[in-house]
Amino acid sequence: MELWFTEQEKDQVRFGVRVDGVLFRGKSEFQEIEVLETAPYGRMLVLDGCVMTTDVDEFVYHECIAHVPACLHKNPKKALVVGGGDGGTVRELLKHKGIGEIVLCEIDGMVVEACRKYFPAIACGLDDKRVKVEIGDGVAYVKEHEKAFDIIIIDSTDPIGPGEGLFSGEFYKSVARALKPGGLMVAQSEAIWFGDDVLGRIHRNISAGFAHKKTYLGAIPTYPRGVWSWTMASAEPIDPKNFDRERFGQVAAGLKYLTQDSMVSVFDLPPFFRAKFAKND
């Protein structure tokens, strides 16, 4: 009998993949955690029934969420990743030798340990001497660290369950206070086909904390409907063309998705999306 994993988007759309084996299944204080073995996507991390990352396409998400801000910031030295317990964002940030300290604040220690064991190629940077892993509430951690970071990356789950607080206007205001002058925030901001109510709330709340924001896109086949978004925010205007090409060149050889040209083109939003959610970016 075949075993299939199905992720359901409300009551109208389903994503399915045949499962060759269940490598791990556990329930933490916060969520259900599964690691599945599949033929098309390799190992797949699933939290509360939603795909978080897979061996085959994880590099798209992690390159986009890490290198775009790391190359647009003038001189990043210290970064905070909220969520991101799989370690992929940390792995990519470590490619920037100028970043001397990276803090990973993940609420669920079971996620971190499962990824260390079952996704070693993704979690490989968590033991680097520049990385400090904090298991705890990211909302509280950000509140306690004013003007502490050059880059803050909100690598969260969807705005439900343990990730819900990471999408509020009050949280984004705290993030703004935790950034040093000239600092940048990037938050995963869901699929461009997500419900207007959810996307509208995300963009309104980010604007509550920041004067300027820019959304950019990437293609990830295992995420709902295949196109994902991230939103960068700052107290100052953001010019996608003004990224550090020399800094990007130092990491480009190890990348699988981003190129020097796409560092700018990822910000080229389709008109329907810009009109609804990003017209003032």
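Q: Where is P224 found?
A: Strands are DSSP runs of E, at least two residues, numbered from the N terminus. P224 is found in the loop between strand 11 (212-219) and strand 12 (227-234). This is a predicted model: local features need pLDDT of at least 70, side-chain atom pairs count only at pLDDT 80 or more, and totals for chains, interfaces and linings use all residues. Residues are numbered from 1 along each chain as its sequence is written, and side-chain values use heavy atoms, with hydrogens and water left out.

Q: Is P224 buried or exposed?
A: Buried means under 20% relative accessible area, exposed over 50%, partly exposed in between (1.4 Å probe, protein chains only). P224 has 19% relative accessibility, so P224 counts as buried.

Q: Which residues is P224 in contact with, leaving aside neighbours within four places in sequence?
A: Contact means heavy atoms within 4.5 Å. With those neighbours left aside, P224 is in contact with E7, E9 and A191.

Q: In what order do the five strands of the open sheet stand?
A: Two strands pair if DSSP finds at least two bridges between them. Here the order is 1-2-3-4-5, with antiparallel pairing. Strand 1 (3-9) and strand 5 (50-54) are the edges, each pairing on one side only.

Q: How many bridges join strand 1 to strand 2?
A: Seven, and strand 2 covers residues 13-27. Q8 stands opposite R14 in strand 2.

Note on methods:
Helix = DSSP H or I, 4+ residues; strand = E, 2+ residues; numbered from the N terminus.
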